[in-house]
Amino acid sequence: MRGFRLQLLLAILTASAFSPAAAQETRWSGSIAAGIGTRPEYMGSKDQEPVPYVAGELNYDRYFLEAQGKEVSLGTWLTPSMSLGVLFDVESGRDDSVKNDRVSRLPKIDDAMQLGAFARYAWRGVLDRRDELTMDVTWLSDVSDTHDGVVGSLGLAYGRKLGDRWSFGGGVRLTYVDDSYAGTYFGITPAMAAASGMPAFRAGGGVRDVGLSAKLSYALTDNWNIQLLGSYKQLLGDFKDSPIVKQDGRAGQLSGALAIGYRF
């Protein structure tokens with residue numbers, strides 16, 4: 001069934017290439033950014049770890065390839081406002097090298113390979129001719145037998161140029177996960193409780209978190225820029241109440257990065 005859904009999405013992407021707009025002159029454009037960032041060791045951790053930050057995009061006619069961290073998306077603009085595509089993401093696991101002593105006694109969780117789809121709709125010139133409001137929905141399914149669950153999200157983002165050199169973007173996102181995902185990352189079985197000293201806990205699916213993100217960019221030249229990025233996620237429900245978070249972690253999850261970007 002997963003294979004059929006992927007074939008259907010690829011067929012939609014291919015079919016869109018034969019629209020009248022595809023016959024117009026093609027142009028390449030894109031950007032790349034690299035820097036250093038920090039994030040929680042695992043979802044729910046109160047300890048931070050340094051990580052490299054890499055992001056970029058490549059545009060060709062109606063098609064685009066985007067990457068940020070471990071997430072890669074390939075899509076096409078069906079109309080000037082609506083786009084659709086496939087999405088690949090790696091959900092970071094958890095091993096016994098984490099700083100927290102009790103969490104380190106829990107079973108290792110491998111990185112999860114997730115495949116799915118996304119859809120976006122953009123409104124341009126909402127408050128100013130140089131701004132954009134975008135709504136998107138994503139759906140990912142584990143294809144690596146790590147959590148065997150699904151992850152869905154709904155996001156709203158706003159971006160605007162502030163003069164000739166400054167630009168700002170911000171967004172809000174709700175993320176939903178199912179029972180299988182919740183049990184893998186936030187549940188504690190009686191055997192795990194005995195090994196770690198934490199109480200047993202059964203985590204159910206639902207809205208995992210609400211997240212806020214912001215990005216401030218300053219253009220050094222026509223092509224080079226410097227970027228400051230930050231995000232905050234607030235875990236909710238069973239995810240906040242899991243002993244992994246409530247007793248040994250933190251429900252508020254902060255991440256940030258400083259990067260240099262190049263646009264071509």
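# Strand pairs, rings and charges in a predicted model

Residue Q68 stands opposite E71, which belongs to strand β4. The structure is a predicted model, in which local features require pLDDT of at least 70 and side-chain atom pairs count only at pLDDT 80 or more, while totals for chains, interfaces and linings use all residues. Residues are numbered from 1 along each chain as its sequence is written, and side-chain values use heavy atoms, with hydrogens and water left out.

## Paired strands

Strands (E, at least two residues) and helices (H or I, at least four residues) are DSSP runs, numbered from the N terminus. Two strands are said to pair if DSSP finds at least two bridges between them. Strand β3 (residues 63-68) and strand β4 (residues 71-77) pair in the antiparallel sense, over 6 bridges. These two strands form a hairpin with 2 residues between them, and G69 in the turn has a positive phi of about 60 degrees.

Strand β3 also pairs with β2 in the antiparallel sense, over 6 bridges. Within β3, E66 is the bridge partner of E57. The hairpin of β2 and β3 has 2 residues between the strands, and D61 there takes a positive phi near 55 degrees. In a regular strand, side chains alternate between the two faces of the sheet.

## Aromatic rings

A pair of aromatic rings is described by the distance of the centres and the angle of the planes. Rings of Phe, Tyr and Trp (its six-membered ring) pair if their centres lie within 6.5 Å; planes under 30 degrees apart count as stacked, over 60 as edge-to-face and the rest as tilted. A search of the whole structure finds 9 aromatic pairs. One of them joins W28 and Y60, whose ring centres are 4.3 Å apart with the planes at 40 degrees, so this pair is tilted. Because W28 lies in strand β1 (residues 28-40) and Y60 in strand β2 (residues 48-60), the pair ties together parts that are 32 residues apart in sequence.

Ring pairs also link F64, W77 and F118 into a cluster. A charge sits over a ring if NZ of Lys or CZ of Arg is within 6 Å of the ring centre and within 35 degrees of the ring normal. In another case, R94 lies over the face of Y42, at 5.9 Å from the ring centre.

## Salt bridges and a polar contact

Side chains of opposite charge can pair when their charged atoms come close. A salt bridge is a side-chain nitrogen of Lys or Arg within 4 Å of a carboxyl oxygen of Asp or Glu. By this rule the structure has 13 salt bridges. One of them joins the side chains of E57 and R263, at 3.7 Å from N to O.

The side chains of R102 and D248 meet in a salt bridge of 2.6 Å, N to O. As R102 lies in helix α2 (residues 101-104) and D248 in the loop between α6 (243-246) and β12, the pair ties together parts that are 146 residues apart in sequence. A salt bridge also forms between the side chains of D241 and K240, at 3.2 Å from N to O. Salt bridges that share partners join D128, R130 and R160 into one network.

A polar contact is a pair of N or O atoms within 3.5 Å; within protein, one must be able to donate a hydrogen and the other to accept it, and residues adjacent in sequence count only if both atoms are side-chain atoms. Such a contact, of 2.8 Å, joins the side chains of D136 and R173. D136 is placed in strand β7 (residues 131-142).

## Exposure

Buried means under 20% relative accessible area, exposed over 50%, and partly exposed in between (1.4 Å probe, protein chains only). The table applies these classes to residues discussed above.

| Residue | Class | Relative accessible area |
|---|---|---|
| W28 | exposed | 57% |
| Y60 | partly exposed | 29% |
| E57 | partly exposed | 24% |
| R263 | partly exposed | 44% |
| R102 | partly exposed | 22% |
| D248 | buried | 9% |
| D136 | buried | 12% |

In helix α3 (residues 179-186), the buried residues are Y181, A182, Y185 and F186. They cover an arc of only 95 degrees around the axis, which puts them on the same side of α3. The arc is that of the directions from the helix axis to the C-beta atoms. An α-helix has 3.6 residues a turn, so residues three or four places apart point the same way.
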